[in-house]
Each structure stands twice: as structure tokens, then as C-alpha cells.
Amino acid sequence: MSSLEKNLMEALKLQKEIFGDDLFILKEEKEKKIPEHEIKTSEKIEKDLNKSLFQEDFQKAETLDELDSLINTCTKCDLSKSRTKFIFGVGNPQARAMLIGEAPGADEDKQGEPFVGRAGKLLNDILKAIDLTRDDVFIANILKCRPPGNRDPLPSEMETCMPYLYKQIELINPKIILCLGRVAANGLLNKKLSLSALRGNVYELNGIKVVVTYHPAALLRNPGWKKGCWEDVKKFKKLYDELN
């Protein structure tokens, strides 16, 4: 070893003593191979750290009640300015099935609960026909606030509100979801299809079965569609029974 190399090694050793291994690595140590399990552990820590850093508070909720308390004052879109009540959802927190609509209407906005009024009564009757009640399922909407005039949700509103629904699904962990209407189905499944194209199929969302049928309000306007709805909910109940 030349005097220059010797002096350099001495300098590196001195700096190592001062600053530690993280800043300076000796030549012989540099050639050591890091065990594979240590690399994986390091990557996992980094991934977990990044996940934690970029998570909003509501994403850390461990119960539905905690989630509700964290999001029911949301002001992320303009619908918060016109709403009467934030419609979180209702039902069994351990439900094996979720029912998802598109957005609250006027009755829901007043009462603070999804699917009330005439459409809600019809939904109760549909559930009763397949031997279920509102206490057996969890009912929610894509949007948590009523759009003015009951118009369809805007894409920007859905994009803002969907993370809340995904967190509800994560916490409830249902076996099957019944989407009520085209807007709800396309929003949840990230598709752009007609209701006729959506119905009759069984989809999957992170391992959860998804079936699509008519929105109860649409059935009130078009009673002739009830026969098709009955076929859809029979398929839904059959899957529900098989999965449970």
C-alpha cells in the first residue's frame, strides 16, 4: 500500500469514527453483500413510511364510527355548501353485503339516512322479498352529500368522495355488493357502460363480488323494470347465500 493510500485509509477511518457507518463505508466493508432479508425489511419500512406519510387521517380509521367522525364535516367540494346533512350510510358494520347508490336525494338530505322516502320503502320491500332487512346489510352512496336538484354526480365530485366509500368497504369487508343504478355501478367499477350492459354480469372489486340492478327511484318511474330487478336480486341473493 502506498503512503497516499495509507493516508487516505487513515482519513476514512477517522471520518468513520466521527460520522458513523451511514456516511462513510470502508473499502473492505463496501464489498460485503447485504443479506436479502435485510433488503426486504428495509424496503418494507420505506413502503410503510411512505404510506403513512401520504395517508389522510380518515384512511387510518379503524371503525365506521371513527371514520364518520373524521369525514362528516367534509368541505372538499361545493356540495358541502348546499347540503343539510352529511349522509354517511347506515346498517350493520359487520354486514356480509353492501348496497351502494349514487347520491342522497331530498328526503335523505333532510333525514340524514340513505334510501328513505318512497324509494327507501321500495328498497325495504326488495330486501324483504329475498329474506333480508336493512339490519342485515350496510347501505351507502357514492356521494355523501345531495347534488342540487338531484342531478347526476359530477366526475370531480365522485373522484373527491370515492375514497370515503372505499374506506367504508375496507372496514366492513363485505362478501358481495349490490350496485343500485348505472351511476353507482360505473363509479364503483370505473366503467362507462349502460345499465343494460352492466346488468346480468358478476364483477369483482378487490375480491368482492359485485352485482348491478336498477335504482329504486327508477323502478318507481318505470314499474315495468321491476321484473328485471327481481331477476337481478335473485342472482344477488343466490351469490350471497353461497358466499356465506
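Q: How many cavities of 30 Å³ or more does a search of the whole structure find?

A: Rolling a probe the size of a water molecule over the atoms shows where empty space is left. Here the search finds 2 cavities of 30 Å³ or more, a cavity being a set of points on a 1 Å grid over the protein atoms alone where a 1.4 Å probe fits but cannot get out, with the volume taken as the space filled by probe spheres set on the points, which are joined across faces, edges and corners. This is a predicted model, in which local features need pLDDT of at least 70 and side-chain atom pairs count only at pLDDT 80 or more, while totals for chains, interfaces and linings use all residues. Residues are numbered from 1 along each chain as its sequence is written, and side-chain values use heavy atoms, with hydrogens and water left out.

Q: Which residues are closest to the centre of the largest cavity?

A: The largest cavity holds about 80 Å³ of space, and of the 14 residues that line it (those with an atom within 4 Å of a point) the closest to its centre are C74, C77, C145, T160 and C161. Helix α8 (155-172) gives the most to this lining, with 4 residues; helices here are DSSP runs of H or I with at least four residues, and strands are runs of E with at least two, numbered from the N terminus.

Q: How does the lining of the second largest cavity divide into nonpolar, polar and charged residues?

A: The lining of this cavity, whose volume is about 50 Å³, divides into 11 nonpolar residues, 1 polar and no charged, where Ala, Val, Leu, Ile, Met, Phe, Trp, Tyr, Cys and Pro count as nonpolar, Asp, Glu, Lys and Arg as charged, and the others, Gly among them, as polar. Helix α7 (117-129) supplies the largest share, 3 residues, and Y214 is among the lining residues.

Q: How many aromatic pairs are there in the whole structure?

A: A pair of aromatic rings is described by the distance of the centres and the angle of the planes. The search finds 4 aromatic pairs, counting rings of Phe, Tyr and Trp (its six-membered ring) whose centres lie within 6.5 Å, with planes under 30 degrees apart as stacked, over 60 as edge-to-face and the rest as tilted. The ring centres of F88 and F138 are 6.4 Å apart and their planes stand at 85°, so this pair is edge-to-face. Y214 and W225, by contrast, form a stacked pair, 5.1 Å centre to centre with 20° between the planes.

Definitions and conventions: On a 1 Å grid over the protein atoms alone, a cavity is a set of points where a 1.4 Å probe fits but cannot get out, and a pocket is an open set with protein on both sides within 12 Å along at least five of seven lines; lining residues have an atom within 4 Å of a point.
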